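Subject: Structure handover

Hello,

Here is the structure for your files. Notes on what was found in it follow below.

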Amino acid sequence: MPTSPMLDKGPCVMVWGFGESDAAYLGKTLGDVKLGMETNVSDINEDQAGDAAVNAILTGSIITLEVPLTRLSVRELARVLNVEESGCVVPIQNQVGCDLYSLAKALVIKPICGNVISTNPCEWIHLFKTYPVAGLDLTFNKDTQRIFPVKFKVFVSQESAQEGLFGTIGVGSGASEFGL
């Protein structure tokens with residue numbers, strides 16, 4: 001039986017805004033890039049069965065993407081913080097009341113093999129609607145490298161032809177580097 005096309009081990013790069021004119025690689029990572037999915041279930045019980053479930057209902061899935069970014073350019077940092085840079089200044093802003101789905105963009109994860117970014121769309125993971133929720137982990141000492149832990153909010157798509165989907169493992173043939 002063949003293995004999945006995503007490769008078994010190795011680093012990756014991510015393109016945020018895939019398919020849009022402002023699509024760009026997010027930057028370098030340090031540590032585990034983690035994509036997870038959890039499907040929730042609600043048990044159906046009856047007194048006569050005690051604590052044992054007699055049935056269950058699927059109540060939805062949640063996808064999480066955690067990306068520890070490091071050594072970002074000013075433009076890359078401003079992009080994940082959803083702010084505008086001014087020269088070398090990136091504001092650390094309190095953001096309240098934003099509709100994140102309307103700001104969400106497609107994200108593609110591409111594996112790296114032999115120091116080369118995959119050009120095979122069958123190896124890519126495509127998430128249709130994501131938004132970066134950035135954090136800071138800036139330790140200042142002689143041993144610890146500073147990172148910007150970003151947790152992407154991954155939404156189920158509400159767009160036609162993608163409705164109800166988070167994304168795909170593999171991207172359709174003919175996909176270009178930035179999806180344009």
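Predicted model: local features only at pLDDT ≥ 70, side-chain atom pairs only at ≥ 80, totals over all residues.

Residues are numbered from 1 along each chain as its sequence is written, and side-chain values use heavy atoms, with hydrogens and water left out.

Pocket

A pocket is an open set of points on a 1 Å grid over the protein atoms alone, where a 1.4 Å probe fits, with protein on both sides within 12 Å along at least five of seven lines; lining residues have an atom within 4 Å of a point. The largest pocket has a volume of about 620 Å³, taken as the space filled by probe spheres set on the points, which are joined across faces, edges and corners. Of its 27 lining residues, Gly10, Pro11, Cys12, Val13 and Lys110 are the closest to the centre. By class, the lining has 15 nonpolar, 4 polar and 8 charged residues. β6 gives the largest share, 4 residues. Strands here are DSSP runs of E, at least two residues, and helices are runs of H or I, at least four, numbered from the N terminus.

Cores

A nonpolar core is a set of buried Ala, Val, Leu, Ile, Met, Phe, Trp, Tyr and Cys residues joined through side-chain atoms within 4.5 Å. Buried means under 20% relative accessible area, exposed over 50%, and partly exposed in between (1.4 Å probe, protein chains only). The largest core has 28 residues, and Leu26, Leu65, Leu69, Leu107 and Phe152 have the most contacts inside it. Its largest share, 5 residues, comes from β9. A second, separate core of 7 residues includes Val15, Phe18, Ala106 and Val171.

Helix α1

Leu77, Ala78, Arg79, Val80 and Leu81 are the buried residues of α1. Just after α1, Asn82 takes a positive phi of about 60°.

Cysteines

The whole structure has 0 disulfides, a disulfide being a pair of cysteine sulfur atoms within 2.5 Å. Cys12 counts as buried, at 15% relative accessibility. Cys122 is partly exposed, with a relative accessible area of 44%.

Regards

Conventions
Nonpolar A, V, L, I, M, F, W, Y, C, P; charged D, E, K, R; others polar.
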